[in-house]
Amino acid sequence: MTNRILRWGLLSTARINRSLIPPLRASPRNRLVGVASRDPARAEAYAREWNIERAFGSYEAMLESPDIDVVYISLPNSLHAQWTIQALRAGKHVLCEKPLATRVEDVDAITATAAAAGRVVAEAFMYRHHPQTLQVKSLIERGAIGEVRLARGAFTFTLTDHANVRMNAGLDGGSIWDVGCYPINYARTMIGAEPVEAFGMQFTGPSGVDETFVGTLRFGEDVYAQFDCGFRAPFRMHMEIVGSEGLIVVPRPFKPTARETIYIGKAGDRLEPLTIEGPEWLYLGEVEDMADAILEGAAPRVSLKDSRGNVAAILALLRSAHAGRPVEV
Ligand SMILES: NC(=O)c1ccc[n+]([C@@H]2O[C@H](COP(=O)([O-])OP(=O)(O)OC[C@H]3O[C@@H](n4cnc5c(N)ncnc54)[C@H](OP(=O)(O)O)[C@@H]3O)[C@@H](O)[C@H]2O)c1
């Protein structure tokens, strides 16, 4: 098995594909073979532009092809679950963009289908594989800041293009699914538990999606996460993890580069910098993780249980914002 090279297909011509193409080409265990589009001419043009061997004129055609082992799903959010399930049924392994699904039942259906098909599926939270994230987790596990009490973060950028899929309610757009999912995922990962209660507030734009979301999650007695996300503020991101004996500040948690600095200490006014080296391509980690899982039988770093927890937390926050009061997760 270990000599095998995985043949990848891109399911859609999404903008995000261009982040995956260089690492797929750099990784010796993976090879980019094809791209599929709803529009055959677009698939052909994309394959020419990016020098990809095969162009598939429909998603179905790619799934039917024996020349593809792994499918990368970069569709709008509302289509993730259905195409992940179709790809698994066709015998493909799947790396699906975040969010893996927008309903908990769909994560369960994906889990059952993957088990029945004996195929690997993972949600593409690329930042989870970066050494910076692994180091923060390891510092927390080693007790460097005591017991985690609070994870606080943000992810915003300015989006004014109302034709963007993120602004489309029918495609499960909105800022919490698009970028809020990151601080929620980060907080759950670093706290190492699932939230029990959620309280959210949102600003709803003209298309009906949340363009700003501010949320609080309670994880148990005196352990919380707080975040804001949205399309109506400048590009910014950060996380702060506060423990009983210290804190860690991560200025670039979700899109870390090849060299990042985090800050750690016992008190906010005396934090020490800690520099962490990463790979040249942020998205290499998720590609290698898929190869480890498929070729070596390793467990994917982002498990389906983990993805289910993130989806459940987001849905509870949305329910709370709707109801105007805290809700159980
Ligand atoms: N991990 C990350 O860093 C990251 C960054 C950006 C985005 N993402 C995720 O990646 C996914 C795609 O985002 P994107 O900004 O790259 O999207 P995008 O450029 O708008 O592309 C979406 C693609 O989906 C296909 N599609 C199928 N049905 C569609 C429909 N009804 N409307 C629009 N497009 C449709 C289209 O490809 P064809 O017409 O060729 O079939 C289109 O090119 C999202 O789920 C997003 O959350 C992740």
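Visitor: What is the relative accessible area of Asp172?
Guide: This is a predicted model, in which local features need pLDDT of at least 70 and side-chain atom pairs count only at pLDDT 80 or more, while totals for chains, interfaces and linings use all residues. Residues are numbered from 1 along each chain as its sequence is written, and side-chain values use heavy atoms, with hydrogens and water left out. Buried means under 20% relative accessible area, exposed means over 50%, and partly exposed lies in between (1.4 Å probe, protein chains only). Asp172 counts as partly exposed because its relative accessible area is 24%.

Visitor: What is the phi of Asp172?
Guide: Most residues other than glycine have a negative phi. Asp172 sits in the loop between β7 (148-158) and α7; helices here are DSSP runs of H or I with at least four residues, strands are runs of E with at least two, and both are numbered from the N terminus. Although Asp172 is not a glycine, its phi is positive, at about 60°.

Visitor: Asn51 also has a positive phi; is Asn51 buried or exposed?
Guide: Asn51 is in the loop between α2 (40-49) and β3 (54-56), with phi near 60°. Its relative accessibility is 64%, so Asn51 counts as exposed.

Visitor: Which residues does a cis peptide bond join?
Guide: Most peptide bonds are trans. The cis bond has an omega of about -10°, and its proline lies in the loop between β5 (93-96) and α5 (104-117). The two residues are Lys98 and Pro99.

Visitor: At what angle do the axes of α7 and α9 cross?
Guide: Two packed helices are described by the angle between their axes and the distance between the axes. Axes are lines fitted to C-alpha atoms, for helices over the stretch in contact, and angles run from 0 to 180 degrees between N-to-C directions. Helix α7 (residues 175-191) and helix α9 (residues 304-323) have axes that come within 10 Å and cross at roughly 120°.

Visitor: How many nonpolar residues has the contact of α7 with α9?
Guide: Ala, Val, Leu, Ile, Met, Phe, Trp, Tyr, Cys and Pro count as nonpolar, Asp, Glu, Lys and Arg as charged, and the others, Gly among them, as polar. The contact of α7 with α9 has three polar and two charged residues, and its nonpolar residues number 10.

Visitor: Which residues in α7 does α6 meet?
Guide: The axes of helix α6 (residues 131-141) and α7 come within 9 Å and cross at roughly 35°. From α6, the contact uses Thr133, Val136, Lys137 and Ile140; from α7, it uses Tyr186, Thr189 and Met190.

Visitor: What is the centre to centre value for the aromatic pair of Tyr59 and Trp83?
Guide: Rings of Phe, Tyr and Trp (its six-membered ring) pair if their centres lie within 6.5 Å; planes under 30 degrees apart are stacked, over 60 edge-to-face and the rest tilted. The structure holds 14 such pairs. Tyr59 and Trp83 are edge-to-face, with 85° between the planes and a centre to centre value of 5.1 Å.

Visitor: Which helix holds Trp83?
Guide: The pair links distant parts of the chain, 24 residues apart, with Tyr59 in helix α3 (residues 59-64). Tyr59 is buried at 9% relative accessibility, and Trp83 is buried at 8%. Trp83 belongs to helix α4 (residues 80-89), so the pair joins α3 to α4.

Visitor: How many residues of α4 are buried?
Guide: The buried residues include His80, Trp83, Ile85 and Leu88. Their cover includes β1 (6-11), α3, β4 (70-73), β5, α5 and β6 (121-123). Of the 10 residues of α4, the number buried is seven.

Definitions and conventions. Contact = heavy atoms within 4.5 Å.
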